[in-house]
Amino acid sequence: MIGTWKRWLVPLAAVPVLGLLAYGFRTDPRAIPSPLVGRSAAAFSLTTFDGQPVSLEAYRGRVIVLNFWASWCYPACYEEAPVLEAGWRAYRDRGVVVLGVDIQDTEAAARRFIAQFGLTFPNAPDPTGRVSIDYGVYGVPETFVIDQRGKIRAKHVGAVTEALFREKVEPLLGEAPG
Amino acid sequence: MRRGSIVLLVGLLAAAWVAEAAVNEDQVTAIATQLRCVVCQNLSVADSPSEMARQMRDVIRERLARGESPEQVVAYFVDKYGEWILLSPRPQGFNLVVWVAPFAGLFAGLGVVLLVVLRWTRRPAAPPEALAPADRERVRAELERLDE
Amino acid sequence: MIPEIGHAALIVALVLSLYGAIVAALSARSAAPRWLAAARHTAVAQFVLVTGAGVALEYLLITSDFSVRYVANTSISTSPLRYKVAGLWGALEGSILLWEWLQALFVLLVARKAATLRRELGGYTLAVLFVVSGVFLLLAAVITNPFERLPTPAAEGRGLNPLLEVTDMLIHPLLLYTGYVGFGVPYAFALAALLAGRVDETWLTATRRWTVTAWLFLSAGILYGGWWSYRTLGWGGYWAWDPVENASLMPWLMGTAFVHSVMVQERRPMLKIWNLTLITLTFALTIFGTFLTRSGVLSSVHAFASGAVGPFLLGYFAVILLGSLGLLVWRWDRLGERAELETLLSRESVFLVNNLLLVAFCFTVFFGTIFPLLAEAVRGVKVSVGVPYFNLVTVPIILLILVMMGAGPLVPWRQGSWGRLARLLRLPAVLALLGSLALWLVGGVRGDLVALGYTLPFFVAAAVMLEFWRAARGRRRATGEGLPTAFARLLRQNHRRYGGLIVHLGVVLIAIGVAASSVGKVEREVQLQRGESLELGRYRLRFDGLGASEQPTHLLVSAEVQVFEGPRLLTTLRPGQRLYPTSQSPFATVGVRYGLMRDLYVILAGFDREGRWATFKAQIHPMIAWIWLGGGVVVLGGLVAVWPLRQRVVTTVSAPEGVVIAGASEQAP
């Protein structure tokens with residue numbers, strides 16, 4: 001029969017599995033790292049709720065904070081809306097533009113959201129979802145920081161705080177466009 | 001003559017367009033079943049009722065109509081979302097482990113069972129203790145009756 | 001007041017469970033009857049307290065007491081009564097309470113039977129069960145307390161998750177949990193046998209009925225879950241290889257292997273170590289299942305919230321696994337294993353192969369489920385392992401299992417002969433080929449698909465039915481009774497074997513249903529204007545209009561779809577969407593026309609707010625009803641196998657160990 005010490009392999013075989021499961025506590029199955037960081041941002045062309053056309057090309061030379069949101073995304077989008085508005089007002093003269101893209105939403109609800117927070121930065125709906133898919137968006141809110149040359153420098157999943165502006169946007173301001 | 005050939009050309013183009021659309025739908029589903037619906041839990045883009053999945057199916061349809069091959073369409077999504085969007089891991093690199101493991105496990109188990117059975121059949125059976133032959137016959141008859 | 005009483009009840013029950021474990025262990029070691037009586041009384045008290053806590057929570061739910069966090073999370077004042085009741089297990093804390101209630105119930109049932117068992121076995125079994133109960137009470141009373149108050153009472157509750165607002169919610173969790181908790185009983189018996197140092201057949205015969213009953217409930221729970229998913233989730237499928245679904249399948253697979261391989265140990269002192277390992281793994285996998293559902297380690301549609309529960313359950317899982325296997329290794333030499341086989345081909349070796357296939361299946365599912373974690377640990381990249389992978393990888397094993405289901409029961413114990421087996425298999429094989437040929441020629445199903453999906457199930461069905469036929473005919477010859485009587489007597493005399501064969505038949509029906517509905521599924525997604533029709537297969541579906549109605553918890557938008565076959569109106573379907581205020585995406589209400597040979601399944605995918613157009617996804621699922629019918633047959637077979645019959649008179653005969661007298665073991669519960 002099986003030798004005495006070899007028998008202990010039976011329970012010991014379970015240990016690596018347990019270790020792997022414990023490792024699972026440190027990971028979040030819903031946090032998917034984006035492959036787009038460090039690559040050129042996809043071009044897009046949308047029309048804001050005010051009827052103005054916006055596109056990636058139009059903002060070349062400025063740092064873009066591209067924020068994907070929806071009026072039903074509670075509480076995260078509601079938490080970050082004032083932060084984005086404040087960031088827009090603080091940085092708009094320093095070569096930064098905040099652009100909101102509303103996805104999987106209705107126009108009425110979106111307008112109500114914009115009015116509720118008094119958002120003055122450009123917001124455009126993405127009715128076909130093409131732009132959100134082009135940016136690999138899988139939930140709301142998600143925010144991208146794009147530099148003056150159109151390269152994605154950061155992606156943030158979840159509600160934005162002013163730390164984003166401080167840590168991700170500020171360092172880019174000194175870089176030369178083009 | 002010229003009008004006839006124009007009609008024929010239009011007819012052929014229409015037929016080609018219809019034929020392409022018909023082929024596309026099955027292809028769309030085939031591609032959609034490979035992709036993971038990003039807002040759902042564990043459903044494929046083909047099965048998911050969500051709006052996001054519908055938009056993704058539209059993207060697939062549009063790209064196929066533009067002439068892209070299924071591999072290119074899938075590659076586009078992987079490019080944007082990462083490997084995670086494939087519902088079945090690509091059989092390359094470390095992922096090969098998950099493709100090989102089931103069969104390796106089965107064959108390893110088969111090997112163990114064969115070894116064990118061979119060892120056990122070689123060992124002579126210990127005779128049951130002190131049972132009178134008449135009783136043993138009765139036991140055997142009972143067993144056979146039960147196994148019927 | 002009430003929440004505090006409920007919480008106190010749980011804490012007292014926790015203390016009692018520890019006390020109960022101690023007195024039960026003492027009753028195993030001492031012959032004094034007072035210890036067992038104390039254990040029995042403790043079991044009653046524990047059950048009463050846990051029931052009281054459950055009643056308290058139900059009261060809070062029904063009266064919509066939103067000062068309690070759990071009630072505010074799972075209930076809304078406008079809910080119908082039955083959903084308020086179901087809120088008890090609609091979220092994490094309550095589900096733990098339900099689990100514990102079932103555990104306390106099983107402790108009570110075993111305590112009542114303990115007097116008929118051998119002293120050591122009964123005592124240690126109860127002790128183990130009390131400890132398990134204590135663990136869940138620790139969870140329920142301390143870590144996931146459902147009676148926790150909110151700092152300020154909420155004005156209104158959030159309501160039950162809309163996916164759970166269906167009648168099925170009252171049935172599916174109960175079935176599953178009973179199965180999970182039920183497997184704890186044979187596990188406790190096994191552990192008790194190890195602790196007592198006596199591992200002979202007595203522990204097996206004592207637990208046989210418990211094991212099959214737990215298996216029955218788990219099977220019913222899994223099948224019901226698939227049926228629920230099909231009818232209400234709105235994607236036309238019934239199994240998505242979701243991690244939590246897999247977590248219910250794995251103990252079922254191991255439990256099935258166990259149910260088979262104990263039959264070997266009942267007859268000869270073989271496979272003892274293996275059986276003990278098997279039941280340990282079965283029980284451990286039920287804990288693994290609850291861990292997956294509640295830890296947030298893998299993403300799943302079933303997942304509850306996470307928190308401290310995850311690490312606690314992982315720790316518990318580790319203790320069960322390492323502790324039990326360690327105990328097994330420690331007692332290894334005392335097990336008295338004497339493995340021997342006369343020939344290569346015998347029922348014993350058939351069961352070994354059965355175990356191999358089922359365990360390999362379980363390993364495949366397990367590895368695929370945790371591979372995303374492994375890949376992330378090794379490569380730092382997230383991958384998905386989903387339906388396409390599992391479908392591909394499990395098909396070979398399932399086909400092999402089907403073969404064994406057909407050939408296995410025909411192999412006799414101890415000494416089988418290949419020649420006899422081949423002769424017995426000839427007729428089923430021929431019938432299967434003929435049936436498949438007919439299907440191909442007449443039914444127009446593609447050849448290669450027939451071979452894969454139908455030939456093997458036909459073969460097994462033919463083999464099973466021939467077994468019945470042969471046995472009934474044999475009875476008739478011997479006793480001269482009519483065929484129906486012969487069948488009935490067969491089931492009565494050897495209900496385990498024939499119940500098992502009926503289960504095999506049920507599995508075959510399920511296999512046919514799965515094969516037909518996956519391979520033959522057709523689907524179309526079309527946007528229709530009002531009055532327009534879409535064609536699918538033999539049906540024409542006409543969209544007649546949209547309607548909306550206010551329900552207590554949601555807005556229901558439904559479309560009226562008339563279904564025609566040729567000129568004949570078959571039925572009216574009303575697929576719809578349920579819109580809840582708390583959720584962005586709507587929940588589907590499908591319109592289904594059920595049938596034996598095909599289901600017509602219509603989903604409302606999108607609609608115009610003015611009611612002018614709607615997008616429909618229509619599917620035809622051939623023979624999908626066979627899955628649910630097959631499930632019913634499986635449950636029926638299980639009931640036949642486990643049903644308590646008229647007690648046979650048992651005369652005690654002393655025989656040396658190692659000799660099993662046929663028929664005498666029917667008495668044991």
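Two strands are taken to pair if DSSP finds at least two bridges between them, and on that basis strand 1 of chain C runs antiparallel to strand 10 (residues 613–622) of chain C, the two being joined by eight bridges. Helices (H or I, at least four residues) and strands (E, at least two) are DSSP runs, numbered from the N terminus. This is a predicted model, in which local features need pLDDT of at least 70 and side-chain atom pairs count only at pLDDT 80 or more, while totals for chains, interfaces and linings use all residues. Residues are numbered from 1 along each chain as its sequence is written, and chains are lettered from A and ligands numbered from 1 in the order in which they are written.

**The sheet of chain C**

- Four strands of chain C form an open sheet in the order 1-10-9-8, with antiparallel pairing.
- Its edge strands, each of which pairs on one side only, are strand 1 (522–529) and strand 8 (591–593) of chain C, and from one strand to the next the twist averages 20 degrees.

**Helix packing in chain C**

- The axes of helix 11 (residues 272–295) and helix 12 (residues 309–330) of chain C come within 9 Å and cross at roughly 175 degrees, where axes are lines fitted to C-alpha atoms, for helices over the stretch in contact, and angles run from 0 to 180 degrees between N-to-C directions.
- Helix 11 and helix 12 of chain C are therefore roughly antiparallel, given that angles under 35 degrees count as roughly parallel, over 145 as roughly antiparallel, 65 to 115 as roughly perpendicular and the rest as oblique.
- Residues making this contact (C-beta atoms, placed from the backbone, within 7 Å) include F283(C), I287(C) and R294(C) of helix 11 of chain C and L313(C), F317(C) and L321(C) of helix 12 of chain C.
- The residues of the contact of helix 11 with helix 12 of chain C divide into 16 nonpolar, six polar and one charged, with Ala, Val, Leu, Ile, Met, Phe, Trp, Tyr, Cys and Pro counted as nonpolar, Asp, Glu, Lys and Arg as charged, and the others, Gly among them, as polar.
- Helix 13 (residues 347–379) and helix 14 (residues 387–407) of chain C pack with their axes 10 Å apart at an angle of about 170 degrees, which makes helix 13 of chain C roughly antiparallel to helix 14 of chain C.

**Contacts between chains**

- Between chain C and chain B, the contact takes 54 residues from chain C and 45 residues from chain B.
- On the side of chain C that touches chain B, helix 13 of chain C gives the most, with 14 residues, and by class that side has 33 nonpolar, 15 polar and six charged residues.
- Chain C also has 20 residues in contact with 18 residues of chain A, and the largest share of the side of chain C that touches chain A, nine residues, comes from helix 12 of chain C.
- By class, the side of chain C that touches chain A has 14 nonpolar, four polar and two charged residues.

**Chain B**

- Chain B has five helices and zero strands.
- Of its 148 residues, 27% count as buried, meaning that 20 or more other C-beta atoms, placed from the backbone, lie within 10 Å of the residue's own.

Conventions
Buried ≥ 20, exposed ≤ 12 C-beta atoms within 10 Å, placed from the backbone. Contact = placed C-beta atoms within 7 Å.
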